[in-house]
There are 2 protein chains.
Amino acid sequence: MRFADGLPLRSGASLAGYELVYETYGELNAARSNAVLVCHALNASHHVAGTHEDASRSEGWWDNLIGPGKPLDTRQFFVICVNNLGSCFGSTGPTHVNPDTGRRWGADFPVVTVEDWVDAQARLLDRLGIAKLAAVLGGSLGGMQALSWTLRHPDRVGECIAVATAPNLSAQNIAFNEVARRAIITDPDFHGGHYDAHGVLPKRGLRVARMIGHITYLSDDSMEAKFGRSLRNASGAGRGAELAYSTQDIEFQIESYLRHQGDKFSEYFDANTYLLITRALDYFDPALAFGGDLSAAFAAARGKRFLVVSFTTDWRFSPARSREIVKALVDNRIDVSYAEIAAPHGHDAFLLEDPRYHGVLRASFERIAAELTR
Amino acid sequence: MRFADGLPLRSGASLAGYELVYETYGELNAARSNAVLVCHALNASHHVAGTHEDASRSEGWWDNLIGPGKPLDTRQFFVICVNNLGSCFGSTGPTHVNPDTGRRWGADFPVVTVEDWVDAQARLLDRLGIAKLAAVLGGSLGGMQALSWTLRHPDRVGECIAVATAPNLSAQNIAFNEVARRAIITDPDFHGGHYDAHGVLPKRGLRVARMIGHITYLSDDSMEAKFGRSLRNASGAGRGAELAYSTQDIEFQIESYLRHQGDKFSEYFDANTYLLITRALDYFDPALAFGGDLSAAFAAARGKRFLVVSFTTDWRFSPARSREIVKALVDNRIDVSYAEIAAPHGHDAFLLEDPRYHGVLRASFERIAAELTR
């Protein structure tokens, strides 16, 4: 959907006109009250559920959660997922042409924030004639958008479901983002972000960035259980006899796995988008304007109902970070439920099908659906 | 010291002749019984204590621990630290000339392992006329060497003090090493490890590698306490007003710190050495030859006395990994003391001056010294 009106950005810059691509699932009811907005995380798109007719293995990134009869049941809810500005999956971003110059935006695309995304999503809802969301749902960076909705547009949100997220990034979180960015920016094929003009792509940097990210998505334990010290060419018997003694070749299966993840990612993801999205993560900090007082920040959300979910082995956004959110809500006497799910999979758990996790979400959406029809 | 005899390596290769540089502190006693070997970790050298006359800020890397009156008291012990083979601080390594080709070894330097280092150190002790060490001490990768001494040369070690180490790397540990190696190897200036012939250095890769490593040396909490979300250009008042909204420039102090660490490292460290030393870490696994049974592996160490030290916030080599070592020793009825130090600094704690930590080491060395004179 095309938006001709300029979008004022938090940085002070403005985006003159822009395109937002989105998908919807289910039907909007007559009262226009059953819409659920799902916000995506770092490398995901608006394709959150279902499959594309013309492609195999095209399940949406949260297809295990969203669909007919699933925890977020599309027989009851009208689900919307918007590709965020600055992304590389259809909405206006660095790979698009800047109308002012006739060249691709590249590194000149303005820095976008979680708040900017939320405002753009709100405008899309205006166009769709949706005054108020039954719920906003997101995991990780998507959870930050869900939280931000309750602060920027509190009258337009019924419930907020924030999964595996944090009220801001820790120094360690920023550190990992920065190393990934340096890998991209110092790739000689990056050319200051204008690689397109040089006919190249900074794939080396993207590969390393993805490998770093991937380590933080998995728990130490799940990586150990899945790969351990298994050798790539292990024959089973005679452990160790197969060692290649090489510094540059793959020796362990975990190396092979990470290289594969990096290679795949570098084929489809845009480097400038990676920089933009990691920066949006870095900048998100609703407490900043309140001198670091998260409880003061969440005073604006009074009246909403929240569900906060964390996973015990998530060391990227640990349960302690979710409990900070819960405390700030409780300080404001806001209705909040908190589920800390014992799951071995680390941060990635929010994308996986865990019966207790999905059970909590199913129960919440069933209650929301029941309240809609009252 | 020059060694003309070939050193057979674990990989099956052999090093025809080699140089080992080392430093000693204190005096060897008449009985030649007071020698303590200190083994170094990833990026350290033989310069473990004291200062160099001609250089400011030249304190050895463990100078807070080793010296007259310090926990490892050089008035009582003869302390030896050897630069390991493959390093870039003087002992034969990739930056040296391969006598067979007349060119620098570069990527052709043979893969060296913890066991190879220990064997080379043992030969050095032969030359120094030291039949048996009062103790072998090391932290991190140095701790792995200390452990290996008790398995390869059990009759030549009195005590083994293994600090902040592990019986092998976890999948996550290998993963971090692999990402660092990929950053180096895919740097276009790496040239397959023969950058010297091209007159360049793969500094971009080394910078990223060091930044990744550095994140794993610090605890999440200590990084938070030291940097948090502080902005580089924060004026103090008006938090947030100073945001630059840039994807490529430094915004947070943690970014500035990491870039500085990466820059410094890339100026003095050799890329091929980085690959070799991270591989030595990957390969260390004394249980491998025993079907993964660490207790069976440590049967060879029977009769030794061990001190194992870990730090609560070390997530690189967590206390759980040290407890695996302790269990394997206890299974063999080997005399072992274990100290788990509550310290906020993560893996780096082993290099810092913590009174409880240093107290434990001081008490151990005082006992060892007392036993020497009995």
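Of the interface residues of chain B, 100% are also interface residues in chain A, so the copies meet through the same surface, where contact means heavy atoms within 4.5 Å. When superposed by least squares on the C-alpha atoms of residues with pLDDT of at least 70 in both, chain B is laid on chain A with an RMSD of 0.0 Å by a turn of 180° and a shift of 0.0 Å along the axis. The two copies are thus related as by a two-fold rotation axis.

This is a predicted model, in which local features need pLDDT of at least 70, side-chain atom pairs count only at pLDDT 80 or more, and totals for chains, interfaces and linings use all residues. Residues are numbered from 1 along each chain as its sequence is written, chains are lettered from A and ligands numbered from 1 in the order in which they are written, and side-chain values use heavy atoms, with hydrogens and water left out.

In chain B, 10 of the 12 residues of helix α2 are buried, so α2(B) is largely enclosed by the rest of the structure; buried means under 20% relative accessible area with a 1.4 Å probe, protein chains only. Among these buried residues are B:Leu141, B:Met144, B:Leu147 and B:Trp149.

The largest cavity has a volume of about 120 Å³, a cavity being a set of points on a 1 Å grid over the protein atoms alone where a 1.4 Å probe fits but cannot get out. Its lining, made of residues with an atom within 4 Å of a point, comprises 14 residues, of which A:Ala183, A:Thr186, A:Asp187, B:Ala183 and B:Thr186 lie nearest the centre of the cavity.

Methods. 1 Å grid on protein atoms, 1.4 Å probe; cavity = no way out; pocket = protein on both sides within 12 Å on 5 of 7 lines; lining within 4 Å. Points joined across faces, edges and corners; volume = space filled by probe spheres on them. Buried < 20%, exposed > 50% of the residue type's maximum accessible area, 1.4 Å probe, protein only. Helix = DSSP H or I, 4+ residues; strand = E, 2+ residues; numbered from the N terminus.
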